[in-house]
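Open the model in your viewer and keep the selection tool at hand. This tour goes from stop to stop, saying what to select and what is there.

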Amino acid sequence: MNLDCAVLDRAGFDSAAGLKVMGGKAERYAKLLQKLVDRQSGAVEEIRAALDAGDSAAAERVAHSLKGSAGSLGANALAECAADTETAIKAGQGIDEALETLSESLRTVVSAIQAAVTE
């Protein structure tokens, strides 16, 4: 698995921080980035579904999980958007705007990861 950190950095990642968390192991970092794509790319839809079902606690958990995953991998802008979404859900205000911003940030991160991580 190959990793182009320059692609990530141009998309707003702090790949140096992400690599540091992984002990400098680029292949491990690449695998976890791919897991983020595989497991979290549908997070906005999951949050919306939970909210539609009246389960704000589940929606908060999804946002919180995304925040942690993104932050540990150096996707700081995405982590911040996820934190803002979590806060909006807790407050019951600004949820639609937060989800729209989160959706855009998540799309950017997924695209960057798909461009940066190759077999």
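Helices (H or I, at least four residues) and strands (E, at least two) are DSSP runs, numbered from the N terminus. This is a predicted model, in which local features need pLDDT of at least 70 and side-chain atom pairs count only at pLDDT 80 or more, while totals for chains, interfaces and linings use all residues. Residues are numbered from 1 along each chain as its sequence is written, and side-chain values use heavy atoms, with hydrogens and water left out.

**Stop 1: asparagine 76**

Select asparagine 76, which lies in helix H6. Its relative accessibility is 39%, so asparagine 76 counts as partly exposed (buried is under 20% relative accessible area, exposed over 50%, partly exposed in between; 1.4 Å probe, protein chains only). Apart from neighbours within four places in sequence, asparagine 76 is in contact (heavy atoms within 4.5 Å) with Asp14 and Gly71.

**Stop 2: glutamate 86**

Stay in H6, residues 76–91, and move to glutamate 86. Is glutamate 86 buried or exposed? With a relative accessible area of 8%, glutamate 86 is buried. Show its side chain and that of lysine 67: they make a polar contact at 3.0 Å. A polar contact is a pair of N or O atoms within 3.5 Å; within protein, one must be able to donate a hydrogen and the other to accept it, and residues adjacent in sequence count only if both atoms are side-chain atoms. Not counting residues up to four places away in sequence, glutamate 86 touches Glu60, Ala63, His64 and Lys67.

**Stop 3: helix H5**

Select residues 56–72, helix H5. Colour the buried residues of H5: Ala58, Ala59, Glu60, Val62, Ala63, Leu66 and Ala70. They pack against helix H3 (26–40), helix H4 (43–52), H6 and helix H7 (95–116). Glycine 74 follows H5, and its phi is positive, near 85 degrees.

**Stop 4: H6 against H7**

Show H6 and H7 together. Their axes come within 9 Å and cross at roughly 160 degrees. Axes are lines fitted to C-alpha atoms, for helices over the stretch in contact, and angles run from 0 to 180 degrees between N-to-C directions. H6 and H7 are therefore roughly antiparallel (an angle over 145 degrees). The contact includes Ala77, Leu78 and Cys81 of H6, and Ile95, Ala98 and Leu99 of H7.

Notes
Expected span 1.5 Å × (residues − 1). Parallel < 35°, antiparallel > 145°, perpendicular 65-115°, else oblique.
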